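Open your viewer and get the selection tool ready. We will walk through side chains that meet, one stop at a time.

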Amino acid sequence: AQYYYTHIAWNHFELPAMDSSSSSAPYHSSGGTGGGALLRPSSPRHLKWLCTILAIVVGSMMLLGPKEARLGENLVHEHREDRIYFPHEKFAAILKLRGGDLESEKNRGNALFQQGKYDQAKEVYTRALNSASDRKDEVALAILRNRAATNMKLGDYKGAIKDSTEVLDVKICNKALLRRAMAIDKLGDLSMYEMGYRDARKLLMDGEGATGTETLREVKRLEEKMRKAWRATLMDDCDKLCKNCYEDAKLNIEFENMHLVDKAIEDLDYACDRIVEKRDANFSAEWPWKCVEMRMQCHKMTSCFESLTEDLNFMVNVSPKNATLRLLRCFAYEACERWPRCLKEAKLVAECQKGIDPTPAQILEAQGYVKRMTYFVEQLSSKDRGDP
């Protein structure tokens, strides 16, 4: 700017060629030589400082002059897509957005998205997020979800996953779950399938209210596809497979829906059946044991006492000295009206046989079973004898 205005001054201003000693010079001080020497137009130093000051003044006017930069103007609503924005305008916009005007930027990006201008919509969303003072704010999270949808349209599936994950780290949101699951499916990264099908499963738990009827069918397809593909990678590692099935079953049970308890049993059956098929029926390992234990609880919740008895037989064979398991088997036998077996099992615990070391409370519980089962067995015997 100094160079520019220096040349303007030399080429366009007609400076009078006066002698330095002339007292009639228009810029000459009337008193002494000190001030006059500084103000002479023919002085190179004077012209250099004059043009420097002029450049600073004019540059400041260019920077602060446009009405968009003035305080109180609504810059966001005066944006146009067919114009060029200078740095000072973007800086003014950022300052205004930091004041809380994210909502209008979100609406502007949404309008561009509806028009199919995905690149421009993404740019608006990104600028708004970069200027947001708190990315955990509700409006900022909405912009993140919208940018994830824009990334899906643009084929940037990694970007969609990243934005959806940032939302889900703050709160559970069905839109973010859906977009992340769909992005993982489109990306085709097998290592992310576990996260993808669990996102789809959470949506299925909420039913049609979360996604709508049409989308729900797609979610079911995604969940089944990614779940089968992920578990196929774990077939050679029974411990990891059992851990995966256990966590899936636990997710279903925590939702407190009886229909989902049946789904949990399916997951646990899958793990236990694969252990038997692989001839590695080591149910004493951590995760296989947890799978059988949880399946036992599910059967108890659904009153499937025959299946519960089978699970307990597995577990008692693995841990024969466990008094808790034997008392649970007494409960299953009683529910199935297998009173002689229940009586035999209860006596083992009450009399501390076969190395069983029950607590005093467990001994009292076993004695209660013995008393009840003795009565039922006597009643059964009297019926067999034909006694009235």
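The tour below visits ring pairs, charges over rings and salt bridges.

**Before you start**

This is a predicted model: local features need pLDDT of at least 70, side-chain atom pairs count only at pLDDT 80 or more, and totals for chains, interfaces and linings use all residues. Residues are numbered from 1 along each chain as its sequence is written, and side-chain values use heavy atoms, leaving out hydrogens and water.

**Stop 1: rings**

Select W339 and F376. They form a stacked aromatic pair, 4.8 Å centre to centre with 20 degrees between the planes. The pair links distant parts of the chain: W339 is in helix α18 (residues 339–350) and F376 in helix α19 (residues 360–385), 37 residues apart. Helices here are DSSP runs (H or I, at least four residues), numbered from the N terminus.

What makes an aromatic pair? Rings of Phe, Tyr and Trp (its six-membered ring) pair if their centres lie within 6.5 Å; planes under 30 degrees apart count as stacked, over 60 as edge-to-face and the rest as tilted. The structure holds five such pairs.

Is W339 buried or exposed? W339 has 19% relative accessibility, so it counts as buried. F376, at 27%, counts as partly exposed. Buried means under 20% relative accessible area, exposed over 50%, partly exposed in between (1.4 Å probe, protein chains only).

**Stop 2: charges over rings**

Select K290 and W287. The charged end of K290 sits over the ring of W287, 4.3 Å from its centre. Next, go to R231, which lies over the face of Y270 at 5.2 Å from the ring centre. The test is NZ of Lys or CZ of Arg within 6 Å of the ring centre and within 35 degrees of the ring normal.

**Stop 3: salt bridges**

Side chains of opposite charge can pair when their charged atoms come close. A salt bridge is a side-chain nitrogen of Lys or Arg within 4 Å of a carboxyl oxygen of Asp or Glu. How many salt bridges does a search of the whole structure find? It finds 29.

Select E103 and K106. Their side chains meet in a salt bridge (3.1 Å, N to O). They are about one helical turn apart, because three residues separate their positions in helix α5 (residues 102–114).

Move to E105 and R127. Their closest N and O atoms are 3.8 Å apart in a salt bridge. This pair links helix α5 to helix α6 (residues 118–131), 22 residues apart. E105 is buried, at 2% relative accessibility.

Methods: Helices (H or I, at least four residues) and strands (E, at least two) are DSSP runs, numbered from the N terminus.
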